[in-house]
Amino acid sequence: MRLGIAIDSRMCMSCYNCYTACKDEHCGYDTKLSKAQPQMGQFWMDIREWERGNSDRKIKTATVPTPCSHCQDPACAKAAKDGAVYKRGDGIVIIDPEKSKGQKQIVDACPIKAIYWNEEYQIPQKCTMCAELLDDPNYLSYLGDPKLKKPRCVEACPNNAMYFGDLDDPNSDISKAIAANKVTQLEPLAGQVTNVVHLNVPTVFLAGTVYQPKELEEVLIGATVTLIKEDSGEKWETKTNYFGDWEVEDLPKNAKFKVTVSAEGYKTVTGNTVTDKDRNLPVVYMERA
Amino acid sequence: MEKITHSICVGGPIAIHTEDGVIRRVRPVIFDKNDPDPWVIEARGKSYSPYRKSTTAFIALTEKNRAYSYDRIRYPMIREDFVETPDGKNRNTENRGKSGYRKATWDEALDLVAREIKRVQDTYGKETVTAITSSHHSWGLLGYKLSTFARFFRMLGYTQILDNPDSWEGFTWGAPHTYGYYWRLGGTEAFDLLEDAMQNVETMIMWSHDPDSTRGGYAASESTMWRHWLDDMGVQFIYIDPFNNFTSVKQADKWFGPRPGTDAALAEAIAYVWITEGLYDKDYIGKHGHRFDEWADYLLGKGADCVAKTPKWAENETGIPAADIKALARRWGTTKTMGGSGLRGGFGGVCRTANGTEFARIMVSLFAMQGMGKPGQNIWVGSTGAPMDYNFWFGGYSDPLSQIANQPIADKTAVNCVTQKLYRPNLPDAVLDGHYEWYGEGFCGGGIDLEFTEHIYPEPGCSEVHLFYRYGGTFMGSMLDTNKWVKMYRSPKLEFVVNQDIHFHGESRFADVILPACTNLERYDIGELCNSGNGGYQSHSQTGNNWQIVVFQDKAIEPLWDSMSDYWIFSQIAERLGWGQEFTEGRSELDWCKRFWEKSDLCERISWEEFTKKGYYVAGVPADRKRYYGFRWFAEGYPCDTPNHKPFQEEGKLGTFTGKFEFVSESMLYYAPDDEARTPIATYKPSWEGHHSIKAKKYPFHLISPHPRFDYHTQHNSSTPWIWEIPENRKYINGNPYLIARIHPVKAAEKGIKDGDLVELFNERGRVLCVARVTYRVEVNTIHAYGSSGIYNPVDPGNPESLDIGGCVNILSPGRLIGDKVPGMAPNSTLLDIKKYEGEIPKGQYFEYKLDKVAKEADPDAETCFDIIEGHGFEAIQAKVRARA
């Protein structure tokens, strides 16, 4: 058994229910597995968010709720002395609150900065995947269905953007969700197996708007926009919509692209761009051919 | 010993785990196998059902943090320099807002309050007492303001302060003149429109609409999944808002950010395109429209102003390119489109502008032009209209049948013997000037004529008010021109001020006596999710939920510190005034809760014992449910059969004078043909505080301060440090949580402001210190900072000129009403300027910290505010509660 959480960024609306549920569970309460999360300054469920777009014509946010990834081969465990970080049989990674005292290198070892340093107790702290609740046979026994027992963040999600279960069981909800969606590993953990799996985190978009000749004050619907990745020749094609807008989402990052806008009866427009960031390309006014 | 009880708070139903008298955790309510099956909507080849739990808005999960909050009012307190002079004079009222307090016993405080009530009423008359509450500082039929509070003050006799529909002003004061629905305060009927949308809609116009942010206080996060469903079907979502709001930024296929206050110009240009290109339902308008041609002439430039409302004209007002306006009009005019509106269900703020009434009227006109009520064509914004069992009745908070002020819940109805009224938005003006006149009844659900009733204060033969009893929440952050409220409180005319609240909100510190009430979690109550009362202004508002869930709000813990329930407090004062028995009718709080069960359909569904044991009841929707698609009766011409309607609807008529959509309003012509804010033809009118004002030369930015995403009214930010570190909400620096203010990168560069800088927002009304967020999410001329700050924290307490560091941006908003005859407020018609703040960072200097002295005197081991915010205060409180048990 390998317990995990899958987090679907596409379904996340950044509502902070998971963040608040985590605070509610762990602030002010020590357990066998962890000292209390301090009221302020630590975010065992951290809502990482960035704005996408370089113009007010197209702007979105990407949200990646980020707890400890509970890596299969945790860097923090390697950095720890005296077995202060250990992996349980169910895959959950725990920092021993006693043995880890003074071991700040455990914080520094985490590739995604999901471990926090507690100055008062001189210990590293992080998400426990609510293992102390999962271990407790009485927790939520009143509901009469053991399957309803989940980490607090997962239970609190109003949008079912988070899945919890056994990653080794292909029929579990979490395994099905992972199979049905695009797995988007956090970049610093590339190539590693983790028990927290991020789904549908976007990469980079290119977008733009195409107008008819400026004096007409009309959008151009149905123009063809072609993106060609310069090094590989890979091609993406789309058409402008009813607003003259086009958008290609989830492009490879940091690649050079040739952009072509064409429409019957108009001169073709070409340009170059780079997917170093989400870009809304300058507005294009087409000229009659 | 762990105990699990249930409650419902602002933000949704919750399950509460307590251990030895201390709240351990707060969770959403997860249904068990005995709860009913969900409804099913079949649409476009798929079946859709909600999941088997009741969602929360994140604010509901802060209830533990709020209950043990640093700013809980722990003891009854009396202002240090308050002197109980026999004539009510010389009471150092000018020190309100800065004076400290001393701890009092309950007897001392309640005796004083009762003595003062008697004194002023004997001296000046019954009407000299006035009192008001904020809305929804707690949830539950017993504790709500229309129940216990209303029962007490009506029995006492007092000058009632009328509420304004502050969240959606323009729709209340405007839309009824175009399509009736005054009984829904301008809102429309959403019955079964979720199913209609799922089956038919192609385009959603989310105009000034942010349901992910603003829906939570009533309907938790119940509807977010519906919008995902629609999105996944390929339905196009177009958001229009000067701020690319939190729902928009996650979902929009297209976002337009018009200059604040110019939305009506954009709407007129859309109508212009439809008229000139024939993109509207001419048959429908021919049949259901009244004087449409006159409006069309006005739009085409044949009206009195001789200006055609072309897309190019609108581009100059709104900043949105003409080409885009045409494209928007064509998409809307050629696909099945639903949308809105700045109305309930997602309040974006457009109706809280100087031109809000006209926007609302034109918005209704646009939907009429597309055949409103036909499948997939309606005012509906993806946050209401789920299937519901219309035959199951449990009372909602605004329903007179479910308030302890009235029969049948009470044996005797409480009736106020005072007719004099005051009006909330201008309460400070009335008190300070001793004279105030206004139109309307605030909430005018009883008829369009009520908008035009004339009020004068003081009423002939009546006295001014001299005792102000303030209960729950704070108007410092929700009403406008905050400093006027400060001046009012410092006036000696208010001889005595009481504040009864749970938390030490910005307004509490202006009271002479502060009475600590307990939270929802510390007393009994009963309530239903999102039920504002069938037959009320948002009749059947539970259709905003996936599930109808009635909750027994069990007492999870004993009241903390010396706090007591509101019911207990009012009972005690009534007792001292000599009518305690009449007030309580001998009932305990639990007895009253049982009355609500007994007088509703709930008693036929579940026994009291089972209900209180389980903690909640879910009313399922019958599989063979009957549908009543909202407004379909009108479009298709059959007698109205919706669960809540007026007799004339059965004749196929709307609630206007003509029963039709009035493009020239006969009601305006009848009641107020000279009204400058609302003309007979609704028109775009530049704001009295907008980019055409002289003032714009000095204060070039618009401030918009919509309903907040990270709060509900004023209740959460002030008491919940957990959420101060949410980057889009506040930034916690040096002991103070600064509010985020958003500015466009181009303007930020001009002003030398970088993301994260401290910035001062200022105009002639005041100054507020915020933290800048530089983002393309705001229109270029706009500063966006959320209103409703519960924290009002002037650097120089009590000084109305002082810089505020609490994020109370309402200080900057005009107290002016929308129009002479439109008594709505307009916070989003505010001009200001912004600059980088170069001064010293004020030290964390909460007024509440000063109260630590009171706490320490009462109990040397008391935890300090700072302990509770950052340290181990919560653990200390736990230990004490356990020791007491």
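# A tour of chains A and B

Select strand E12 of chain B, residues 203–207, together with strand E16 of chain B, residues 337–341. The two run parallel and are joined by 5 bridges. This is a predicted model. To see one of the pairings, pick B:Trp207; its bridge partner in E16(B) is B:Ser341.

**Stop 1**

Click B:Gly339 and look across to E17(B): B:Ile379 stands opposite.

Next, show helix H16 of chain B, residues 356–369. Together with E16(B) and E17(B), H16(B) makes a β-α-β unit, and the unit is right-handed.

Which strands belong, and in what order? The order is E14-E13-E12-E16-E17 of chain B, an open sheet of 5 strands with parallel pairing. Strand E14 (254–256) and E17 of chain B are the edge strands, each pairing on one side only.

Strand E13 of chain B, residues 236–240, pairs with E14(B) over 3 bridges in the parallel sense. Select B:Ile238 here; the residue opposite, in E14(B), is B:Lys254.

As you step along any of these strands, keep one rule in mind. Side chains in a regular strand alternate between the two faces of the sheet.

**Stop 2: two helices side by side**

Select helix H11 (residues 263–277) and helix H14 (residues 311–318), both of chain B. Their axes come within 9 Å and cross at roughly 170°. That crossing angle makes H11(B) roughly antiparallel to H14(B). The crossing of H11(B) past H14(B) is left-handed.

Show the side chains at the contact:

- From H11(B): B:Ala265, B:Leu266, B:Glu268, B:Ala269 and B:Val273.
- From H14(B): B:Pro311, B:Trp313, B:Ala314, B:Glu317 and B:Thr318.

Check the spacing in each list. An α-helix has 3.6 residues a turn, so residues three or four places apart point the same way.

**Stop 3: where chain A meets chain B**

Colour the two chains separately. How many residues does each chain bring to the contact? Chain A brings 38 residues and chain B brings 46. On the chain A side, the elements giving two or more residues are helix H1 (17–26), strand E2 (46–55), strand E3 (58–66) and helix H5 (152–156). H1(A) supplies the largest share of that side, with 6 residues.

Zoom in on H1(A). Its count is 10 buried residues of 10, so H1(A) is largely enclosed by the rest of the structure. Among the buried residues are A:Cys18, A:Tyr19, A:Cys22, A:Asp24 and A:His26.

What covers these buried residues? The cover includes E2, E3, H5 and strand E8 (162–166) of chain A. From chain B, it includes strand E3 (22–27) and helix H1 (63–67).

Step just past the end of H1(A) to A:Gly28. This glycine takes a positive phi of about 80°.

**Stop 4: an antiparallel sheet in chain A**

Select the strands E12-E11-E14-E15 of chain A. In that order, these 4 strands make an open sheet with antiparallel pairing. Its edges are strand E12 (235–239) and strand E15 (269–274) of chain A, each of which pairs on one side only. From one strand to the next, the twist averages 20°.

Focus on strand E14 of chain A, residues 256–262. E14(A) runs antiparallel to E15(A), and 6 bridges join the two. One pair to pick is A:Lys258 with its bridge partner in E15(A), A:Asn272.

**Stop 5: strand E37 of chain B**

Return to chain B and select strand E37, residues 830–836. Strand E28 of chain B, residues 701–704, pairs with E37(B) over 3 bridges in the antiparallel sense. B:His702 has B:Leu831 of E37(B) as its bridge partner.

Strand E31 of chain B, residues 758–763, also runs antiparallel to E37(B), with 4 bridges joining them. Here B:Phe762 stands opposite B:Asp833.

**Last stop: an exposed loop residue**

Select B:Pro460. This proline is found in the loop between strand E20 (454–457) and strand E21 (467–471) of chain B. B:Pro460 is exposed, with 6 other C-beta atoms within 10 Å. Draw a distance to B:Val431, 29 residues apart along the chain: the C-alpha atoms are separated by 16 Å.

Conventions:
Residues are numbered from 1 along each chain as its sequence is written. Chains are lettered from A and ligands numbered from 1 in the order in which they are written. This is a predicted model: local features need pLDDT of at least 70, side-chain atom pairs count only at pLDDT 80 or more; totals for chains, interfaces and linings use all residues. Two strands pair if DSSP finds at least two bridges between them. A crossover is right-handed if, with the strands pointing away from the viewer, the path from the first strand over the helix to the second runs clockwise. Axes are lines fitted to C-alpha atoms, for helices over the stretch in contact, and angles run from 0 to 180 degrees between N-to-C directions. Angles under 35 degrees count as roughly parallel, over 145 as roughly antiparallel, 65 to 115 as roughly perpendicular and the rest as oblique. A crossing is left-handed if the near helix is turned anticlockwise from the far one by less than a right angle, and right-handed if clockwise. Two residues are in contact if their C-beta atoms, placed from the backbone, lie within 7 Å. A residue is buried if 20 or more other C-beta atoms lie within 10 Å of its own, exposed if 12 or fewer, and partly exposed in between; C-beta atoms are placed from the backbone.
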